[in-house]
Amino acid sequence: MNAPNNDSHDRKINRSLINRFDEMLRKNEQYFFDVHDFEEIMDAYMEEKSSNKAEQAGMIAVAQHPNSVSLQIKLSQIFAHNNKLSKAQQLLTLASSAEPQNPEVFITQGGLYAQMGESDKAIEAYLSALELAENKDEVYMFIAFEYEGRDDYAQAAEFLRKAVKENPENEFAFFELTHCYHVTGKFEEGILFFNQFLDLHPYSPTGWYNLGMCYFRKGDFEQALHSFDLALAIDEGFLGAMYSKAQCYTEMSLFSEALEIYKQLGETENKDATYFFLVGDCYEKMELFETALRHYNESVELDEGMIESWVGKAACHQYLQQHEEALEAAIEATDIDPNHAEAWLIVAESHAALGNIKSAEKAYRSSLSNDAEDVETWLSYAETFFSQQKIAKSIEILREAVSASLGHHSIKTRLAAYLYLSGKNNEAGEYLFEAMSTNVASEAELFEYANQLQYHADVLSVIAHFKSA
């Protein structure tokens with residue numbers, strides 16, 4: 001005999017209570033509900049995003065049970081959700097006077113202060129709750145969120161570590177902690193912590209997974225794979241570990257291995273927009289652009305807002321020299337996110353390929369306004385005008401890049417090439433010297449772009465200086 005489905009049973013109770021409550025309102029009568037019933041009704045309305053009806057239920061609940069602190073707290077939380085902070089505070093004060101040692105009072109007070117932008121007071125309230133609460137890991141997380149709101153991710157990580165130690169089953173605390181390590185770039189610190197945690201909890205799939213994510217973001221893909229494999233050995237249905245393992249293979253250019261995992265996932269899980277994007281991205285990296293396009297198309301059919309797939313589509317069309325299609329897909333991406341630098345770059349390059357130089361320049365500017373440090377965008381921008389035989393404009397663009405403190409050797413090497421080709425040998429020599437000072441391979445980069453300069457006396461003089469050094 002199968003065990004009863006408690007979730008389904010709870011939902012039936014909720015619906016029955018809601019129907020009875022709605023009937024009471026419709027008939028304008030007064031029915032009795034106990035405290036637990038009212039809590040169920042209010043929770044159900046909030047789950048259905050009917051916060052006004054939840055508030056109405058709460059008002060009736062408090063009127064029927066004026067001494068119930070739990071109802072006062074819940075209604076206070078609903079008032080706060082509906083941005084009625086004054087009412088929330090009044091009700092919370094009432095609850096606090098009745099049960100000054102109730103941790104939920106302090107937690108709700110902390111949430112109110114946080115909503116009012118008073119972070120210090122919020123943290124103080126949460127710390128008071130911490131002394132009284134049974135589920136201390138949840139309170140640690142509330143404190144961590146306040147520090148994250150201040151961009152103090154190091155302090156947030158401190159409280160998230162406490163949350164994980166307090167409750168090793170709190171998966172959300174794990175993922176949030178890994179996010180903090182990602183933002184701060186302190187992957188070694190994360191690796192040390194998760195290894196220490198796993199010494200105590202070696203069978204925690206979440207622990208192994210988050211250790212793997214720290215290795216992944218550090219760029220140590222072999223160790224990341226090992227961690228994901230251990231997570232899957234403990235929990236073979238751990239989808240996050242499977243996806244991350246596939247992405248490891250992709251980063252390592254082991255595309256067949258990545259696709260094999262995606263194939264397994266596709267046989268057991270619903271294929272959503274993200275799934276088709278990841279498979280498409282894998283095929284794109286394999287330069288199987290037509291196959292990649294099919295998957296990107298599947299992705300945007302499922303979710304028109306999947307910007308990564310629109311950008312992938314645009315890039316594939318661009319590689320296939322299908323510039324009008326590339327332009328159309330890239331514009332779709334910029335409509336979704338007007339600040340997407342890569343999408344604007346493809347818009348620019350597509351316009352340039354179609355001969356729309358003014359539109360291309362406008363798009364290059366849009367791309368650079370969102371990522372002024374992207375070297376390839378500056379080089380592409382300058383090359384567009386060089387191909388139009390407007391070398392002075394190309395020089396102007398790259399001088400702007402240098403003056404904007406973008407002293408990348410490729411920028412200076414390309415600028416040197418333009419200047420040499422314009423007969424401005426002294427200035428060109430200065431830029432080539434600076435480029436080779438930071439990257440001797442700039443010599444090869446220069447000749448690859450402008451092969452005719454390999455016989456230029458001034459160029460050879462600069463190169464000779466570095467070969468004799």
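Predicted model: local features only at pLDDT ≥ 70, side-chain atom pairs only at ≥ 80, totals over all residues.

Trainee: How many disulfides does a search of the whole structure find?

Mentor: The search turns up zero disulfides.

Trainee: What about C316, and how far away is the nearest cysteine sulfur?

Mentor: For C316 the nearest cysteine sulfur is that of C282, 12 Å away, and C316 is in no disulfide.

Trainee: What makes C180 and C316 count as buried or exposed?

Mentor: Buried means under 20% relative accessible area. C180 has 1% relative accessibility, so C180 counts as buried. C316 has 0%, so C316 counts as buried too.

Trainee: Now the charged side chains. How many salt bridges does the structure hold?

Mentor: There are 15 salt bridges in the structure.

Trainee: Why is the contact of E118 and K121 called a salt bridge?

Mentor: The N to O distance between the side chains of E118 and K121 is 3.1 Å. The cut-off is a Lys or Arg side-chain nitrogen within 4 Å of an Asp or Glu carboxyl oxygen, so the pair qualifies. E118, with a relative accessible area of 27%, is partly exposed, and K121 is partly exposed at 43%.

Trainee: What does the salt bridge between E189 and R161 tie together?

Mentor: The closest N and O atoms of E189 and R161 are 3.1 Å apart. E189 lies in helix α11 (residues 187–200) and R161 in helix α9 (residues 153–166), so the pair ties together parts that are 28 residues apart in sequence. R161 is buried at 14% relative accessible area, whereas E189 is partly exposed at 33%.

Trainee: How are D281 and K285 placed in helix α16?

Mentor: D281 and K285 are four residues apart in helix α16 (residues 273–285), which means a separation of about one helical turn. Their side chains meet in a salt bridge of 2.8 Å, N to O. D281 is buried, with a relative accessible area of 18%, while K285 is partly exposed at 42%.

Key:
Residues numbered from 1 in each chain as written. Heavy atoms only, no water. Disulfide = S-S within 2.5 Å. Buried < 20%, exposed > 50% of the residue type's maximum accessible area, 1.4 Å probe, protein only. Helix = DSSP H or I, 4+ residues; strand = E, 2+ residues; numbered from the N terminus.
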